[in-house]
Amino acid sequence: MSALWRSSERAAAACVRALGGPAAKWLSRIVGFSMCASVKYGSRGPALIPRMKTKHRVYYIALFSVVLLGLIATGAFQFWPHSIESAAEWSVDRRSVHDAPLVRLPANSPIPERGDLSCRMHTCFNVYSCGYNPKNRIKVYIYPLQRYVDELGTPISSTGLSREYNELLSAISDSDFYTDDVSRACLLVPSIDVLNQNSLRVRETAQALAMLPRWDRGTNHLLFNMLPGGPPDYNTALDVPRDKALLAGGGFSTWTYRQGYDVSIPVYSPLSAEVDLPERPPGPRRYFILSSQTALHREYRGELERLKEENGEAVLLLDKCSNLSQGAVSSRKRCYKSQVFDYPQILQESSFCVVLRGARLGQAILSDVLQAGCVPVILADSYILPFSEVLDWKRASVVIPEDKLPEIYTILKGIPHRQVEEMQRQARWFWDAYFRSMKAIGLTTLQIINDRIYPYAARSYEQWNNPPVVQWSSVNSPLFLPLIPPRSPGFTAVVLTYDRVESLFRVITEISKVPSLAKLLVVWNNQNKSPPEESLWPKINVPLKVVRTKENKLSNRFFPYDEIETEAVLAIDDDIIMLTSDELQFGYEVWREFPDRLVGYPGRLHLWDHEMGKWKYESEWTNEVSMVLTGAAFYHKYFNYLYTYKMPGDIKNWVDAHMNCEDIAMNFLVANITGKAPIKVTPRKKFKCPECTAIDGLSLDQTHMVERSECINKFASVFGTMPLKVVEHRADPVLYKDDFPEKLKSFPNIGSL
Amino acid sequence: MQARKKYVLLTVCACCWLLLVYWGGIQVRLLRLLGQPRTEDVRLWPEWADQELLLGFADLEELQADELAGESPQQRRQAWSGIYRDGRCRMETCFDFSRCRGRDGFRVYVYPPEKGERISESYRKILASIAESRYHTSDPREACLFVLGIDTLDRDQLSAQYVPNVDERIRGYPLWNDGRNHLIFNLYSGTWPNYTEDLGFRVGQAILAKASLNVEHFRPGFDVSIPLFSKDHPQKGGERGWLERNSVPPRRKYLLMFKGKRYLTGIGSDTRNALHHIHNGKDIVSLTTCRHGKDWEKHKDGRCDHDNLEYERYDYQELLHNSTFCLVPRGRRLGSFRFLESLQAACIPVLLSNGWELPFSDVIQWNQAVIEGDERLLLQVPTTVHAVDDEKVLALRQRTQLLWDAYFSSVDKIVLTTLEIIKDRVFSYVSRNKLMWNALPGGLLVLPEYSTHLAHFPFYYLSQGMSPGQEFTAVIHAVSPLVSQSQPIMRLLQVVSKSKYCSQIIILWNSEKPPPARSKWPPMPVPLTVMDGRKKTTSRFLPHVAIETEAVLSLDEDTVLLTSEVNFAFLVWRSFPERIVGYPPRSHFWDPVKRVWGYTSKWTNEYSIVLTGAAFYHRYYHHLFSQYLPPSLRALVDHTSNCEDILMNFLVSSVTHLPPIKVAQRKQHKEAASPQGAKNAPWSNPEHFTQRQECVNAFASWFGYMPLVHSQLRLDPVLFRDQVSVLRKKYKDLERA
């Protein structure tokens with residue numbers, strides 16, 4: 001509709017242009033042709049109509065209606081073709097699979113070579129077609145569907161396009177990877193369905209592949225196959241000759257899998273879509289080991305039966321049902337003697353589920369087992385587990401060599417209970433994220449290939465393997481290496497000041513006595529007044545720089561100024577004159593031992609107010625600490641970047657608007673990213689209410705506390721959690737208050753009031 | 001007439017108008033075609049009208065009835081070992097698992113080198129590492145893995161280190177068995193001009209631990225790729241990484257650097273010949289010299305003289321220190337020394353070595369520590385490294401240090417990592433997961449025999465969103481017989497059991513006398529277990545299965561403590577679960593005159609040890625103490641009945657690289673011990689002190705470096721000794737004199 005409007009407006013504009021009528025100018029903006037026509041008529045009309053005779057009037061009206069009709073017809077003609085065209089497209093969209101063009105394969109058309117086992121990304125893959133890409137994302141092209149038949153007209157595949165492959169291709173087509181421009185594609189996916197080798201005619205399929213217009217010996221082509229091989233040997237990779245094409249295969253063995261080239265994928269289980277198994281909460285399960293496969297080799301079954309004899313009820317060994325009532329689907333029932341169980345629901349009743357190899361290595365049951373949150377016990381020697389390139393299967397499964405089958409009970413008993421529960425959660429998460437649909441399988445495959453082509457932008461282990469619960473609660477500090485930085489080159493003191501020059505100068509003089517001070521940076525936050533002349537500043541031994549800010553904002557204190565050349569930053573207010581040089585130097589030493597934390601002097605606490613049902617700020621003399629005030633605190637310069645560029649939500653603006661709580665915000669930020677509490681150093685001092693600098697008078701104290709409490713609640717809601725950690729300790733020098741000569745202590749002057 | 005004229009005019013106008021509309025319409029259509037972004041017109045995969053009718057790729061019956069017909073699986077497995085051999089070896093076909101049964105199943109035997117055998121420095125170090133490791137056995141019958149006494153490191157026939165006739169000699173080994181369960185180390189294979197992977201003898205079914213392995217020859221899950229290391233690589237300990245601080249912004253003076261040879265001809269010259277193209281003399285420094293080999297001037301080209309000059313202008317070491325990224329292109333072989341060099345220098349390696357199976361690629365996730373480039377895309381490298389943001393640089397750089405320190409800094413670590421990887425394959429169901437290998441403190445310090453569960457280790461709490469347990473187990477080391485109810489141990493039992501965090505108490509009975517009857521012990525609110533310590537000092541750190549909590553409070557029988565002291569220390573431990581948290585501190589220092597390490601128990605301003613006579617730590621350290629440390633060190637401790645606490649501090653600091661934590665204490669430790677106890681007490685003996693000094697040096701030499709780290713702080717309760725009412729204080733007892 002809007003498109004119609006737009007075009008009619010343009011057409012009207014065109015009419016105005018053609019007529020040049022000045023009166024029509026404004027009209028063109030609002031209306032379409034009919035109005036335009038009448039305007040044209042109107043412009044000459046006034047002189048015309050009064051003189052008109054009645055006999056002409058009929059003719060006139062008739063003509064006018066003809067013109068109007070013509071107009072409408074033309075208009076319709078104008079805009080129909082579009083709709084007709086798109087309707088045609090639409091109907092093409094809704095066409096049947098059987099309408100796909102038919103391609104007849106000549107009997108002697110070429111056959112690709114067998115897959116080259118030595119293929120690797122750097123030898124068989126053409127990276128130039130992927131190239132550098134700012135988004136670090138490969139482009140995937142899908143060939144349009146065609147129906148291949150041999151010379152006699154027999155199709156090359158008995159299923160044609162399968163439901164699963166169609167889902168897979170739609171998913172790729174809907175994803176960010178997709179392109180319809182073959183020349184921009186990095187990866188090409190044929191629409192020839194080779195998921196199940198059993199339904200294929202191998203030779204003819206190969207010929208069909210070779211006929212693809214961009215085949216080029218299979219370079220950058222990706223084939224998806226889940227059931228490889230056929231009787232009697234059951235190869236572990238697709239038997240269709242495929243030149244250099246990459247294979248995403250289910251059931252690779254270590255001998256057919258080309259590491260770093262092929263992708264091992266799961267065998268999709270149609271039960272995933274049919275059955276809805278809600279995630280089972282952790283807790284005891286009825287059986288310890290469950291075997292539910294029906295087609296087991298008798299040797300395996302014999303061994304499992306022996307296992308059952310030894311361990312009784314803990315092991316449940318199921319088989320096909322011999323006498324099912326009518327209407328029951330045999331693939332959805334399992335039996336033990338005369339007992340009948342629903343499959344796959346029964347899988348949820350067991351801690352461990354056996355997944356033995358069959359004729360093929362990859363088994364669809366693996367997907368069912370994961371869905372049930374049962375820990376798979378995989379016995380399939382040389383099997384390459386699905387997506388093993390990125391998934392850490394040791395956290396979700398137990399892989400046991402086949403000849404250790406008789407020992408599985410002992411082996412599994414050795415796994416701690418808590419670990420089993422975690423593995424169950426992990427198994428279910430793998431299914432949720434990577435197994436549940438053809439879409440998940442397809443996009444995971446593409447992501448793995450994407451990670452190989454742009455390794456520097458690859459997803460990390462944590463992203464692949466941590467379930468959402470863990471991703472939420474876990475902490476991966478950006479400063480994770482345990483380093484104790486050397487004492488030199490010291491720290492940079494950043495003093496935020498407005499206009500209290502006298503107090504500022506005293507602070508500067510005091511700080512300059514600290515041995516490890518490397519530089520002093522004064523952040524002049526007053527735009528109306530210039531800082532005092534250079535000659536008036538106290539003379540100190542370290543460089544002193546003054547930065548003038550553009551706006552009086554609290555966040556200026558945490559800006560990562562280039563002038564800060566040390567890692568350690570001491571943020572200090574212009575009225576903190578009570579800290580001794582020993583205290584500051586000791587604070588720096590403590591920071592060196594905890595460079596990833598805030599190390600500060602006055603400590604504060606957050607409390608949960610049960611009555612009000614919200615957080616409360618506490619500055620009383622408590623036994624606990626969860627924040628340190630940044631009126632005097634050491635921290636890593638990295639946190640300046642975080643504060644300035646990575647602060648979540650609107651916290652930064654909130655702080656600047658309220659002219660308060662920048663220190664609480666900093667405490668939240670650091671605790672959230674490191675998962676660690678700040679460190680309060682040295683005993684309590686009588687600070688001149690360092691947090692109420694902007695407030696005068698005692699009566700405002702109450703308002704101040706309310707405001708600070710509000711900040712905590714606001715930040716907690718922005719972070720979505722309460723990241724602050726409460727501790728009961730503070731750091732003192734080793735010999736603080738010990739009976740030891742003061743002269744011999746490194747930091748004697750600590751705690752004096 | 002006039003009217004008709006007007007009608008005609010009107011009709012003409014109308015027709016014109018109609019035409020106009022028609023043409024205008026055309027314009028509109030064109031506009032629409034041009035104006036819309038192409039992406040909206042993307043031809044998607046069609047939504048088929050009959051897609052509901054499509055067949056499944058396989059029906060359920062077919063998927064479930066995938067029966068392995070015919071031959072028995074057992075026979076098939078046996079047949080495999082005949083088919084998949086040599087180049088297609090895998091653990092299940094070429095390795096005899098039956099040699100590695102039982103708990104201590106993984107034993108490594110080294111063939112004694114023959115007399116007069118020439119062994120290179122590097123191989124000597126490898127053999128020494130194995131001999132000193134806890135897996136070594138001198139009995140070939142109990143061995144699971146065999147290592148040759150013949151030096152196979154350098155298989156370049158032109159090299160002076162080349163050992164001839166290896167084939168004949170190994171066939172003479174009665175246990176060779178076509179290489180089954182043998183491990184062969186190699187650094188250099190092949191020779192000019194092709195540098196093939198050929199070792200010059202038949203490797204058969206032996207596992208190769210080889211540098212510069214090519215992915216095509218690598219037998220996945222069987223061979224181990226090791227890094228190329230120089231003969232000066234330290235046997236033990238090894239230098240730490242060069243990264244001292246995480247400076248921000250993390251970019252260094254140069255963005256990318258390379259300084260090395262340019263091969264004018266031969267293998268590897270494709271890449272090396274092109275490296276000079278990316279040199280811009282500003283942030284990217286790529287220097288090549290043609291000067292190498294004897295006849296370089298023969299192949300010399302126009303660039304050589306200019307490049308050689310430029311090459312001399314920069315110092316390699318200086319570039320290493322000052323560059324954010326370091327190019328690590330292939331040499332003649334795929335691996336090069338500069339890989340380890342840049343890893344140590346925290347210069348993020350940018351690999352240009354197509355087909356190189358990276359060292360320990362089985363377990364290490366290299367994409368988190370290096371940039372894997374493609375030789376074919378050399379000219380894209382500058383753009384790629386430019387695009388890596390600061391956050392990522394910071395992470396990559398720290399990870400280089402983590403890996404260097406965990407796996408590469410010494411020959412010992414390289415060899416042990418190789419053995420551990422093989423062991424993880426042999427006992428695949430009790431092995432480390434990828435997280436354990438790639439997170440701090442590294443796989444070598446995580447023993448899967450203890451547990452494979454992340455929550456059981458002190459290292460992964462934060463990364464898994466967990467927190468340490470709320471309870472602790474007290475382990476009391478008792479040496480004196482129980483004679484009176486007023487003995488210090490009785491008091492200690494009372495104090496500890498009163499703590500609300502205490503869940504059980506274990507008494508390790510190490511006295512000459514047999515343990516007293518159960519009734520002699522006072523009644524307790526928590527379970528009390530008495531265990532026999534077999535009079536060994538190290539028994540206090542045995543991995544007692546009885547300990548059910550993560551936290552252990554280790555106590556001497558004569559320790560004087562208050563319940564609130566215990567409670568406070570436990571809460572501190574919960575903040576630092578990977579460290580030792582204790583009360584009385586000690587310190588070590590370097591004595592430059594005697595050139596030995598010194599030990600002091602004097603009051604000093606810093607400390608590096610806290611005594612384990614009263615300390616909290618994670619129970620995993622019990623396991624590490626008894627399994628990771630060599631028997632020789634534990635024997636030393638048992639023999640002298642001393643130093644077990646120092647050894648524990650060494651161990652924990654070597655794991656964490658951090659100092660222990662001392663917490664506030666009411667009065668000096670052990671001051672109040674009974675006079676008669678003090679007389680017999682070992683620490684009153686001057687010899688005791690000398691012994692401890694010797695211990696420090698013995699331990700430092702086994703570790704190969706001094707792991708202890710000094711700290712200057714003590715953690716006190718928040719209101720400790722503050723001038724506020726005692727009533728406000730939670731730990732007021734601590735302040736009573």
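User: Hi! What should I know before I look at the model?

Analyst: It is a predicted model in which local features need pLDDT of at least 70 and side-chain atom pairs count only at pLDDT 80 or more, while totals for chains, interfaces and linings use all residues. Residues are numbered from 1 along each chain as its sequence is written, chains are lettered from A and ligands numbered from 1 in the order in which they are written, and side-chain values use heavy atoms, with hydrogens and water left out.

User: Thanks. In what order do the 6 strands of the open sheet in chain B come?

Analyst: The order is β2-β1-β3-β4-β5-β6, with parallel pairing. Strands here are DSSP runs of E with at least two residues, helices are runs of H or I with at least four, and both are numbered from the N terminus. Two strands pair if DSSP finds at least two bridges between them.

User: Which strands stand at the edges?

Analyst: β2 (136-137) and β6 (224-225) of chain B do; each has a single partner strand, so one side of each is left without a neighbour in the sheet.

User: And how many bridges join β4 to β5 in chain B?

Analyst: There are 4, between residues 182-186 and residues 207-210. One example is B:F185, whose bridge partner in β5(B) is B:A209.

User: Which helix lies across β4 of chain B?

Analyst: That is α14 (residues 411-426) of chain B, which also lies across β1, β3, β5 and β6 and runs at about 145° to β4(B). Angles run from 0 to 180 degrees between N-to-C directions, and the axes are lines fitted to C-alpha atoms, for helices over the stretch in contact. Contact means heavy atoms within 4.5 Å.

User: Switching topic: how many salt bridges are there over all chains?

Analyst: The search finds 67. A salt bridge is a side-chain nitrogen of Lys or Arg within 4 Å of a carboxyl oxygen of Asp or Glu.

User: Which partner does A:R114 have?

Analyst: A:R114 pairs with A:D239, and their closest N and O atoms are 3.7 Å apart. Each lies in a loop, A:R114 between β1 and α5 and A:D239 between β5 and β6 of chain A, so the pair ties together parts that are 125 residues apart in sequence.

User: Is B:R714 buried or exposed?

Analyst: B:R714 is buried at 3% relative accessibility. Its salt-bridge partner is B:D716, at 2.8 Å between the closest N and O atoms, and B:D716 is buried too, at 0%. Buried means under 20% relative accessible area, exposed over 50%, and partly exposed in between, using a 1.4 Å probe and protein chains only.

User: Which residues touch the most other members of the largest nonpolar core?

Analyst: A:F125, A:F224, B:L256 and B:F325 do, out of 106 residues. Such a core is a set of buried Ala, Val, Leu, Ile, Met, Phe, Trp, Tyr and Cys residues joined through side-chain atoms within 4.5 Å. Leaving aside neighbours within four places in sequence, the contacts of A:F125 include A:Y261, A:I453 and B:R376.

User: Last one: why is β12 of chain B largely enclosed?

Analyst: 7 of the 7 residues in β12(B) (residues 472-478) are buried, so the strand is largely enclosed by the rest of the structure. Both faces are covered, with B:I476 among the buried residues on one side and B:V475 among those on the other. β12(B) also pairs in the parallel sense with β13 (residues 502-509) of chain B over 7 bridges, and B:T473 stands opposite B:Q504 there.
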